[in-house]
Amino acid sequence: MVCTARDRAGARYKVQENIERFFTRFVEEGKATVRLREPAVDVCLSKANASNLKNFLSAVRLAHQGTDIGALPLSALVPAKTSEVEKPKTKMIITSRRDYPLTKSFPYSLEHLQASYCKLARIDMRVLCLKKLRKLDLSHNHIKQLPATIGDLICLQELNLHNNHLESFSVALCNSTLQKSLQFLDLSQNKIKALPIQFCQLQELVNLKLDDNELIRLPFKMGQLGHLRFLSAARNKLPFLPSDFRKLSLENLDLFGNPFEQSNPLVPSIQLKIPLTLLECAARATVNYRIPYGCHLLPSHLCEDLQVAKTCQCGSACLSSFIQITVTMNLHHVAHTVVLVDNMGGTEAPVICYFCSLDCYSQFLDRWFLLRRRKVGEFLLPSLHHTSLLTVHLRL
């Protein structure tokens with residue numbers, strides 16, 4: 001019996017020795033077709049639970065073969081109830097603990113689920129079975145940890161975890177199918193101190209909210225988030241921004257309330273190793289010449305080191321031998337709209353710069369002093385030449 005919303009009484013079809021063919025290629029996706037001989041009808045099934053669909057097809061096959069009907073788990077052929085043929089539910093909003101379903105399962109057809117103010121300490125495993133979910137809002141709960149199986153929600157585009165007790169964002173989620181689907185992520189008002197390097201593999205992100213956490217740094221390869229247009233990381237503990245930050249192209253940026261350090265290009269952190277070690281030379285060549293590598297060729301710790309190789313102003317890579325400084329960057333260079341970073345009306349923030357050699361750092365100082373001359377005039381320049389300053393630092 002096939003019942004629809006328009007015809008709840010249903011149309012009956014004979015099954016025994018009346019099946020011409022089963023089409024089950026996409027049964028794992030909840031789709032199948034049963035072709036009848038008389039009348040010549042194709043019964044198309046879709047949006048079904050894969051396990052239930054397999055059981056149904058198995059029962060139909062047995063009936064077609066003439067198996068004793070008493071041995072089959074068949075239901076009575078009675079007209080369907082309205083609830084059984086109504087349009088599948090795609091949206092559910094729960095905003096209190098008492099409304100949260102404890103015994104009932106969530107409709108498998110859900111695409112948008114909000115469960116806020118429910119005092120959830122962890123994510124319900126039933127939620128992780130909703131494979132069609134596109135938007136998941138679990139804000140204002142007590143969640144401390146995210147299960148890796150969230151990455152199995154292949155359609156998930158928006159994930160809201162605002163105001164929970166999260167302390168980290170796992171590497172497993174960064175390596176999951178969320179890389180291709182996740183566009184909106186709200187981790188604001190949690191207790192996160194740092195995000196993993198792999199976080200920047202979520203390259204479909206358009207909107208990222210990190211406000212009111214305990215972040216002491218942003219992801220090293222921030223510039224890889226090529227689709228990112230809205231970024232807010234206000235009221236954290238950021239002393240400076242990563243060098244890759246200058247590669248972003250944002251519409252809106254909010255970094256208000258961070259304790260940014262005062263940049264000073266004349267006080268570098270010199271980590272140069274002269275002569276360069278064999279490891280440093282090999283690492284630079286691997287990155288500069290884009291030589292393929294992987295865990296099947298190199299130890300995993302070396303692969304991880306190569307993934308965080310620093311980039312000099314000249315474009316060359318450096319691993320553990322470098323000079324590091326911070327320079328001031330106007331945030332309007334990376335964002336169309338910038339929220340003031342402090343109460344003084346500033347829109348500038350310190351960004352890390354790396355240099356692979358003394359020569360590159362010296363060339364940077366030449367340009368920096370030239371820019372200073374143009375801005376403040378010759379009479380304000382320090383009497384000490386920049387090469388002398390460099391000599392002093394090298395002696396120290």
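Helices (H or I, at least four residues) and strands (E, at least two) are DSSP runs, numbered from the N terminus. This is a predicted model, in which local features need pLDDT of at least 70 and side-chain atom pairs count only at pLDDT 80 or more, while totals for chains, interfaces and linings use all residues. Residues are numbered from 1 along each chain as its sequence is written, and side-chain values use heavy atoms, with hydrogens and water left out.

View 1. Most residues other than glycine have a negative phi. Look for Asn163 in the loop between strand S7 (158-160) and helix H3. Asn163 counts as partly exposed because its relative accessibility is 26%, and Gln189 is partly exposed with a relative accessible area of 35%. Here buried means under 20% relative accessible area, exposed over 50%, and partly exposed in between (1.4 Å probe, protein chains only).

**View 2. Two cis peptide bonds, at Pro39 and Pro275.** Most peptide bonds are trans. The bond from Glu38 to Pro39 is cis, with omega near -5°, and Pro39 belongs to the loop between strand S2 (32-36) and strand S3 (42-45). The bond from Ile274 to Pro275 is also cis, with omega near -5°. You can find Pro275 in the loop between S12 and helix H5 (278-288).

**View 3. An open sheet of 3 strands.** The strand order is S12-S15-S17, with antiparallel pairing; two strands pair if DSSP finds at least two bridges between them. Strands S12 (269-270) and S17 (348-355) form the edges, each pairing on one side only. S12 is joined to strand S15 (residues 323-330) by 2 bridges, and Ile270 stands opposite Ile323 in S15.

**View 4. The largest nonpolar core, with Phe169 among its members.** A nonpolar core is a set of buried Ala, Val, Leu, Ile, Met, Phe, Trp, Tyr and Cys residues joined through side-chain atoms within 4.5 Å. A second, separate core of 18 residues includes Ile323, Cys360, Phe364 and Trp368.

**View 5. His64 in helix H1 (residues 50-64).** His64 counts as buried because its relative accessibility is 18%. Leaving aside residues up to four places away in sequence, His64 touches Val15, Gln16, Glu17, Asn18 and Ile19, where contact means heavy atoms within 4.5 Å.
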